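Here is a friendly briefing to read alongside the model. Please keep the viewer open as you go through the topics.

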Amino acid sequence: MGVALSRLFWEKAPRDHGHVARLPAARGEREDGRRTGQTELQGISKNAQKKVAREKRLADRKKARKEEKKRQKALVKVQKRAERQARFEKLPAEERERAIQERAAAMKAGRAEEREKRAKVKDALQNRTRYSVCIDLGWNDQMFEKEQRSLARQLAYSYNALRKCVESDMVPLSMSIAGIDDVIKPVLSFSAQGWETWPVKLSENSLLETHEKEKMVYLTHDAEDVLQTMDPDAIYVVGGIVDRNRLRCATMDKATRLGIKTARLNLDRNISLQHGTPVLTVNHCVEILVNAANGMSWRDAYLKVLPVRKGISTAKSSDHDR
Ligand SMILES: C[S@@+](CC[C@H](N)C(=O)[O-])C[C@H]1O[C@@H](n2cnc3c(N)ncnc32)[C@H](O)[C@@H]1O
C-alpha cells in the first residue's frame, strides 16, 4: 500500500468535509475541534464565557504541569548519564574496555530479542488466527480532530492487545483496517506512531471494497441480534468512531443501508454497569473479541476488559452466556 506521509502532524490535516454535513460547533470549540480565543466569545452568555475561560485556565495549567514533569524527567536523565560517565571514566583502562564490550553485547542481544518478538507477532497475526476483525475507518470526516486522535490511540491499543496476546501464547485475531484516507493518515502518524509497520491488513479502500459483504457482521450496540458464538468465517466489523454519543445509531444505520448483518455484544445478560455506557470503545470491543476467541466466557471477557470506573457488577450467575 502506498502510504503517502507528507503531512506528519494532525494540525496540518486537510479538512475537506466535502459531501458530509458540517458538524455543529460545540460551545467554545471551533468546527476544527480547537478552542476558540476570547475574541470569538462575543455573542454567548456571560456564564458560558466564564465556563470557557475556566476550561482554558485548567487546560493551560494541565499543560504547564505536563511540561514541567517532562523537563524534570529529562533533567534526571541527564544527571544519571553524567554520573554513569563519571563512574566509567574512573575505571582502569582494561575494565573500561570490558564495560564497552559488555554494553555493546547487551544492546545487540536486546535488538535480536526485539526482532524475534516482532517476527513471532507477524507470523501469528498472518498465519495463526482463527477469527477476523475489521476496523472500519469510514467515519473520519464526521469526527472532530480531538476525536480522531483518540481513535488513533484506540487503534494502537487494539494492535497492542493483539501483540500481547501473541506474547502470552494466546491466539490473536486477524485484523484489518479499512478506509485509511488522507484525513486519518497524519493523525495516525502523530498518535499511533509506527502504524505503517503493523503486520495487519492496512487498506485505503472502503469497507465494502475490502471484504465480502456476505461475510461481514457489523457490531453495533443498536443491533437486535446478539453475538453468541464467534464464527471463523465471519468478519466482525467495529466502527472506527469516537463520538461521545453524538452520532447515535450511526453504525446501525450504515450497516442497514449497505445490507450488512449486525450483532451486539450482550452486556445486559452478563454484567450490569452502574455508571458507564454499554457503548464501548473500539479497543475494548477488540479486546473482548480476543478473549472470547481464546475460550473465555463473555462475562469473564467483559469483567477482564472493561474499566472499573464503569461500576461493573455481575448479572445473576445462572443467567450468563458461555
Ligand atoms: C464508540 S462506538 C461508536 C458509537 C456510535 N455512536 C455508533 O453508532 O455505534 C465504536 C464502535 O464500537 C462498536 N461497539 C460499541 N459498543 C458495542 C456493543 N455494545 N455491541 C457491539 N458493538 C459495539 C461498534 O462497532 C461501534 O461502531
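A residue is called buried if 20 or more other C-beta atoms lie within 10 Å of its own, exposed if 12 or fewer do, and partly exposed in between, with C-beta atoms placed from the backbone. Helices (H or I, at least four residues) and strands (E, at least two) are DSSP runs numbered from the N terminus. This is a predicted model, in which local features need pLDDT of at least 70 and side-chain atom pairs count only at pLDDT 80 or more, while totals for chains, interfaces and linings use all residues. Residues are numbered from 1 along each chain as its sequence is written.

**Confidence**

- The chain has a mean pLDDT (the predictor's confidence in each residue, from 0 to 100) of 86, and 84% of its residues reach 70 or more.
- Over residues 1-40 the pLDDT is below 50, yet this stretch has 51 contacts in the model beyond near neighbours in sequence; a contact means that the C-beta atoms of two residues, placed from the backbone, lie within 7 Å.
- Where pLDDT is low, predicted coordinates should not be read in detail.

**The sheet**

- Six strands make an open sheet with parallel pairing, in the order S3-S2-S1-S5-S4-S6; two strands pair if DSSP finds at least two bridges between them.
- Strand S3 (201-202) and S6 are the edge strands, each pairing on one side only.
- Strand S5 is mostly covered, with five of its five residues buried.
- From S5, Ile 235, Val 237 and Gly 239 point one way, and Tyr 236 and Val 238 point the other way.
- S5 pairs in the parallel sense with S1 over five bridges, and Ile 135 has Val 238 in S5 as its bridge partner.
- S5 also pairs in the parallel sense with strand S4 (residues 216-219), over three bridges; here Tyr 218 stands opposite Val 237.
- S4 is joined by three bridges to strand S6 (residues 261-263), and the two run parallel.
- In S6, Ala 263 is the bridge partner of Leu 219, and Lys 261 is the bridge partner of Val 217.

**Around the ligand**

- The shell around the ligand holds 21 residues, of which Leu 219, His 221, Gly 239, Ala 250 and Thr 251 come nearest; a residue is near a molecule or strand if its C-beta atom, placed from the backbone, lies within 6 Å of it.
- At least two shell residues each come from strand S5 (235-239), helix H6 (250-258) and helix H7 (282-293).
- By class, the shell has 13 nonpolar, five polar and three charged residues. Ala, Val, Leu, Ile, Met, Phe, Trp, Tyr, Cys and Pro count as nonpolar, Asp, Glu, Lys and Arg as charged, and the others, Gly among them, as polar.

**Helix H3 and its cover**

- Helix H3 (residues 145-167) has 23 residues and should span 33 Å at 1.5 Å a residue, which agrees with the 33 Å between its end C-alpha atoms; the expected span is 1.5 Å times one less than the number of residues.
- The buried residues of H3 include Leu 151, Leu 155, Tyr 159, Ala 161, Leu 162 and Cys 165.
- Among the elements covering the buried residues of H3 are helix H2 (93-127), strand S1 (132-136), strand S2 (174-178), helix H4 (184-191) and H7.
- Asp 169, with a positive phi near 60°, follows H3.

**Val 290**

- Val 290 sits in helix H7 and counts as buried because it has 24 C-beta neighbours inside 10 Å.
- Leaving aside neighbours within four places in sequence, Val 290 is in contact with Ala 161, Leu 162, Cys 165, Pro 172 and Leu 173.
- Val 290 and Ala 301 are 11 residues apart along the chain, and their C-alpha atoms are separated by 8.7 Å.
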